[in-house]
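Good morning, everyone, and thank you for making time for this.

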Amino acid sequence: MTKKIRFYDTTVSKPRPIKPAKGKLGILLPGMGAVASTFIAGVLSARKGMGKPIGSLTQMGAIRIGKRTDHNNPKIKDFVPLADLHDLVFGGWDIFPDNMYQAACKAGVLEHGHLAPIRKELEKIKPMKAVFDSNYVSRISGTNVKKGSSKMDLAQQLMTDIQQFKKTNKCDRIVIVWCGSTEKYQTQAPVHQSWAAFERGLQENSPDISPSQIYAYAAVKCGIPYANGAPNLSVDIPAIQDLAIKHNVPICGKDFKTGQTFMKTVLAPAFKARLLGMHGWFSANILGNRDGEVLDDPEAFKTKEESKLSVLDQILQPDVYPELYGNVDHRVRIVYYPPARRQ
Amino acid sequence: MQIKVNFLCRDSILAAPLVLDLALLLDLAKRSNMSGIQEWLSFYFKSPMAAPGLSPEHDLFIQLMKFKNTLRWLKGEELITHLGIEYYD
């Protein structure tokens, strides 16, 4: 299917109208394990002035404006209107009923000394019942799971959760960021090709619709922006993308670029810039947490592998430089090794 | 020749600031009336989404330039090309 690419006019130098960031912003996270609890704990600590939001461009980054001779480098958060950390409210869904203090303790990422001063606030944040399907994530199972007569029913339950959360917490706006597990490998099916087919699929319980797609659908239907932190197809299907345009919702993904791929997309452009040829690139991840446990399943690993492998080809351009990069043996391995979480 | 990198990291600590940024920036995008795939947020993703027919950009520094230029564009500021010739007669 070929589609028309929409062009924004980037030559216009007048500012676009941006609504102010008034009121509270609710951040809902499908998947409230290690990443979500570390994120929430980090924001709560930063709010109290007990830690700095290291690694966040919106909080610590600056941006050059105008000519080099202007010496004008405002902070990004002063340049564009962003929600203030004090206006954020947190919630989400998980198959385990643990509150965010318990989840953070189990994850073992942050130390007791970091968690103790914010324990009460973390304990108040509890996950809602999640949409889960063991056909898509096989290595873990939990009890905090929704029951529904169809996938459409589950989507509607999520929409009710979202509206309820917004009301209870007096939020002005909501965004959703997927922090859950990697689902089994999936390619696009007919049910993903249009939102009409997708909605029919939800009603008819299509096996090709994964839980992360049900979340994405619920978000977009409610007009809520959605970021996909895992390699799941999720919002990367025409059905959800068309729906996002129709409902005027921004979406993005997929798969947070954190450790190995982050390093890869820094190093590879350097070798490429100097046109240093390459025989191979071998990467191994040793993971000791739940992420590793889920990826121990070959079907989930395949989804992750595809995401990690795509990176080098685009940077090295083997079709343009066949004698330098035409034969790069790129391999990615993931080893689940529980003691690694103690490092 | 061989290069070995041993990056001993805690993935969740690296992911947490990305969750914060994405939440705040998607909210900004929504308030700026932007919809559909937000390619300028490729910076944060291993496998960035792009419009059908476009190849995604993986180079972290090109992604960063895209990201900052989008913010400048939103505010009606001059985009920065790093050309440099404009400073010399």
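Predicted model: local features only at pLDDT ≥ 70, side-chain atom pairs only at ≥ 80, totals over all residues.

Let me begin with chain A, which is divided into domain 1, residues 24-252, and domain 2, residues 260-342, where the domain bounds come from an automatic or database domain assignment. As for names, residues are numbered from 1 along each chain as its sequence is written, and chains are lettered from A and ligands numbered from 1 in the order in which they are written.

Returning to the two domains of chain A, their C-alpha centres lie 26 Å apart, and 15 residues of domain 1 of chain A are in contact with 15 residues of domain 2 of chain A, contact meaning that the C-beta atoms of two residues, placed from the backbone, lie within 7 Å. On the domain 1 side of chain A, the residues touching domain 2 of chain A comprise 6 nonpolar, 6 polar and 3 charged; here Ala, Val, Leu, Ile, Met, Phe, Trp, Tyr, Cys and Pro count as nonpolar, Asp, Glu, Lys and Arg as charged, and the others, Gly among them, as polar.

Now to the contact between the chains, which takes 75 residues from chain A and 59 residues from chain B. The chain A side of this contact divides into 40 nonpolar, 22 polar and 13 charged residues.

Which strands make up the sheet, and in what order? It is an open sheet of 7 strands with parallel pairing, in the order E3(A)-E2(A)-E1(A)-E4(A)-E5(A)-E6(A)-E1(B); helices (H or I, at least four residues) and strands (E, at least two) are DSSP runs numbered from the N terminus, and two strands pair if DSSP finds at least two bridges between them. Strand E3 (128-129) of chain A and E1 of chain B stand at the edges, each with a single partner strand, so one side of each has no neighbour in the sheet.

Strand E6 of chain A, residues 250-252, pairs with strand E1 of chain B, residues 36-37, in the parallel sense over 2 bridges, and A:Ile251 has B:Ile37 as its bridge partner. Elsewhere in the sheet, strand E1 of chain A, residues 24-30, runs parallel to strand E4 of chain A, residues 171-178, and is joined to it by 5 bridges, with A:Arg173 as the bridge partner of A:Leu25.

Finally, some backbone details. A cis peptide bond, with omega about -15°, joins A:Gly253 and A:Lys254, and A:Lys254 sits in the loop between E6 and helix H11 (260-273) of chain A. A:Asn205, although not a glycine, has a positive phi of about 55°; it is partly exposed, with 14 other C-beta atoms within 10 Å, on a scale where 20 or more such atoms within 10 Å make a residue buried, 12 or fewer exposed, and counts in between partly exposed, with C-beta atoms placed from the backbone. B:Asn33 lies in the loop between H1 and E1 of chain B, and is exposed, with 12 other C-beta atoms within 10 Å.

On confidence, the predictor gives the complex an ipTM of 0.95 and a pTM of 0.94.
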